[in-house]
Amino acid sequence: MLTRALKAGVHPDECKFTAGSQIQQFECPERLYVPLQQHLGRKAKPVVKKGEIVKKGQRIGEADGFISANIHAPAGGKVKTIEKVMLPNGVFDDAIVIEVNLESGEVAEPTWPMKPLSELTPDDIRIIAREAGIVGLGGATFPTAVKLTPPDNVKIDTLIINGAECEPYLTADHRLMLERTEGIIEGAELVRRAVGAEKVFIGIEDNKKDAIQKFDELLKNKSGWEVVSLRSIYPQGAEKNLIKVVTGREVPVGGLPFNVNVAIQNVGTVYSIFRAATEGIPLVERVVTVSGDAVSNPGNFVIPFGTPAKLVLERCGALFDEIEKVIFGGPMMGMAIKGYDVPVIKSTSGILCFKRAVREKPKACLNCGKCVEVCTLNIAPTRVVKFIRAGKLEEAKNAGLLNCMECGCCAYICPSRIPLVQWLRYGKFMLRKMEAQK
Ligand code: SF4
Ligand code: SF4
């Protein structure tokens with residue numbers, strides 16, 4: 001098998017200490033704080049009231065429009081209230097608070113067709129994704145039903161299953177690929193049917209050789225499938241990068257994968273579709289890697305959405321007195337949370353907990369060009385940031401600001417420790433504000 005690789009990018013220390021940690025079920029807490037905004041698009045509308053008894057899997061928030069997603073109760077219990085909680089991005093938003101009845105084994109009837117997998121039609125599969133609240137679990141949380149509905153004039157010929165997991169520390173997808181392999185394949189077959197793709201690739205970085213081998217064994221006689229070994233480099237798992245590496249096709253600036261006849265889904269997402277189709281369970285929990293030098297019992301856990309970070313960290317032996325930073329997601333693209341009450345949501349691939357570290361102060365730019373070399377989207381970050389610092393937002397936009405995916409490679413490589421990504425985020429925020437004012 002040939003190993004392919006991204007042309008630019010960086011090689012941060014992998015630190016995948018939990019690669020050997022089998023997935024464990026996290027015990028459901030007595031109280032869950034389930035946010036109505038766990039996805040890209042409009043917030044779900046609450047469909048339960050204070051005092052109402054809910055079953056596990058019952059819809060408690062309804063998608064508000066095409067680009068939105070349903071929210072379900074991760075456990076049975078009583079709706080205590082709807083209150084504001086802090087989300088991983090620091091914004092306060094509505095969450096349904098459930099007093100969990102740990103004795104209740106009742107599960108809500110699925111609101112989608114339950115049939116043998118072979119009988120599910122493309123429309124059935126889209127309904128399952130929509131009804132079960134499934135969103136992209138690679139981090140973007142874009143509603144999956146929308147991605148399964150390409151425009152009528154587009155022919156999808158290729159489906160890519162994203163098993164790259166290129167962020168350091170994270171091993172949740174790795175474990176899922178080892179422990180739920182058949183479910184991932186079946187889920188991918190459903191997506192393939194929904195979008196009408198002939199060819200399916202699964203891209204896995206070669207720091208997960210056991211997963212590559214497992215898929216290779218199971219897929220060797222399956223028509224239309226190919227396992228692609230990827231040389232480990234960050235940010236290979238970003239959609240546009242993976243499409244380029246696997247198919248050689250380039251998604252245009254501002255375009256989407258379907259513009260190059262490709263659909264792409266993360267391994268966790270297709271597994272969730274499989275679970276909804278076979279067990280009738282909507283997306284109410286996910287595998288989360290808990291790691292970092294400030295936790296003594298790291299691992300991979302299936303955690304119900306709405307579980308506060310504090311409980312997860314306590315369970316994993318966090319050294320609270322020594323913590324400097326807790327990140328939801330990976331260290332490159334994740335978000336540093338501002339309080340331990342932040343709940344686990346659909347985008348939470350990891351909870352990383354770090355001790356205090358000595359920070360170097362930013363120095364002047366050396367014009368070394370390293371940030372330009374590593375950017376996989378051919379942006380010159382130093383130039384864009386100069387425009388932002390000078391308040392020249394139109395010029396920053398013309399230099400590619402909005403194309404930046406905030407992968408962090410430029411800041412990582414910068415010898416002057418200039419916080420390039422923070423500037424790029426700030427520039428985008430100011431540009432959107434300026435355009436809204438117009
Ligand atoms: S400019 Fe944006 S896309 Fe390019 S390396 Fe920096 S953060 Fe990544
Ligand atoms: S890597 Fe840092 S020092 Fe080098 S050109 Fe880019 S911003 Fe300047």
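How many salt bridges are there between domain 1 and domain 2? The count is zero, where a salt bridge is a side-chain nitrogen of Lys or Arg within 4 Å of a carboxyl oxygen of Asp or Glu.

This is a predicted model, in which local features need pLDDT of at least 70, side-chain atom pairs count only at pLDDT 80 or more, and totals for chains, interfaces and linings use all residues. Residues are numbered from 1 along each chain as its sequence is written, chains are lettered from A and ligands numbered from 1 in the order in which they are written, and side-chain values use heavy atoms, without hydrogens and water.

**View 1. Two domains make up the division of the chain.** Domain 1 covers 3-16 + 114-279, and domain 2 covers 370-437. The bounds come from an automatic or database domain assignment. Over C-alpha atoms, the domain centres lie 29 Å apart.

**View 2. Domain 1 meets domain 2.** Domain 1 gives 13 residues to the contact and domain 2 gives eleven (heavy atoms within 4.5 Å). Together they bury about 830 Å², 69% of it on carbon and sulfur atoms. Buried area is the accessible area (1.4 Å probe) that two parts lose on being put together, summed over both. On the domain 1 side, Ala8, Val10 and Tyr234 lose the most area, together 40% of what that side buries.
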